[in-house]
Amino acid sequence: MEEEYGVTDSPRKGPTLSTSTSSFEPFDAHDPNLSRLATKMFQKTGEYITHELASTVDDYKLIENMNRAMMSKVADMRQMSQSIATKNTELNQKYEDLKPLLQRIDDIESTVDKLEAAAYQLDSYSIRLENKFKSLKTKQ
């Protein structure tokens, strides 16, 4: 048989090189029911492909809208971060301006602590002196 080499017999035309087993031959009369079903199949396939493409287009539109929304959010975040950076710079400058005053406050606190320690020592000394005076006074 010739099928081994890709040659097949068509039921109406004889040997062909086609690997199709279809009995459809162009320009020959064929079953009208088959024709109607084939037409319906092609219409339904066309509708299916149309809906698939419409779904894909809708997906791309959704992605495009999401990208636009994201770009807007990123722009807002960029503006916010620039504002924070500006405020941070201003705050750092204010801290640098206050730094000498803060150092003076620290120096005054240190001096007050020393003065307080001296006052406690003086109080302790005055109590001892008073006690010594009282003891001398009672001996007399």
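Author: From the N terminus on, the elements run β-β-α. That makes one helix and two strands in the protein. This is a predicted model, where local features need pLDDT of at least 70, side-chain atom pairs count only at pLDDT 80 or more, and totals for chains, interfaces and linings use all residues. Residues are numbered from 1 along each chain as its sequence is written, and side-chain values use heavy atoms, with hydrogens and water left out.

Reader: Why is threonine 39 called partly exposed?

Author: Buried means under 20% relative accessible area, exposed means over 50%, and partly exposed is in between (1.4 Å probe, protein chains only). Threonine 39 comes out at 41%, so it counts as partly exposed. Across the protein, buried residues make up 3% of the 140 residues.

Reader: What does the side chain of threonine 39 reach?

Author: The backbone oxygen of serine 35, at 2.8 Å. A polar contact is a pair of N or O atoms within 3.5 Å; within protein, one must be able to donate a hydrogen and the other to accept it, and residues adjacent in sequence count only if both atoms are side-chain atoms. At the start of α1, a side-chain oxygen of aspartate 31 also gets to within 3.2 Å of the backbone nitrogen of asparagine 33.

Reader: How do you know that glutamate 64 and arginine 68 meet in a salt bridge?

Author: The test is a side-chain nitrogen of Lys or Arg within 4 Å of a carboxyl oxygen of Asp or Glu. This pair has N to O at 2.6 Å, which passes. Both residues lie in helix α1, four residues apart, about one turn of the helix. An α-helix has 3.6 residues a turn, so residues three or four places apart point the same way.

Reader: And why do glutamate 64 and arginine 68 count as partly exposed?

Author: Glutamate 64 has a relative accessible area of 37%, so it is partly exposed. Arginine 68 has 48%, so it is partly exposed too.

Reader: How many salt bridges does a search of the whole structure find?

Author: Two. Lysine 134 forms one with glutamate 130, where the closest N and O atoms are 3.5 Å apart. These two residues also sit in α1, four residues apart. Lysine 134 is at 46% relative accessibility and therefore partly exposed, and glutamate 130, at 41%, is partly exposed as well.

Reader: What makes the nonpolar surface patch?

Author: Tyr95, Leu98, Leu101, Leu102 and Ile105, with about 480 Å². Patch residues need over 30% relative accessible area and no salt bridge; like charges are joined within 9 Å, and nonpolar side chains (Val, Leu, Ile, Met, Phe, Trp, Tyr) within 5 Å. Tyrosine 95, at 44%, counts as partly exposed.

Reader: Where in α1 does the kink lie?

Author: At lysine 99, shortly before proline 100, and it is about 40°. The bend at a residue is the angle between axes fitted to the seven residues ending there and the seven starting there.

Terms used:
Accessible areas come from the Shrake-Rupley method with a 1.4 Å probe; for residues, only the protein chains shown count as cover.
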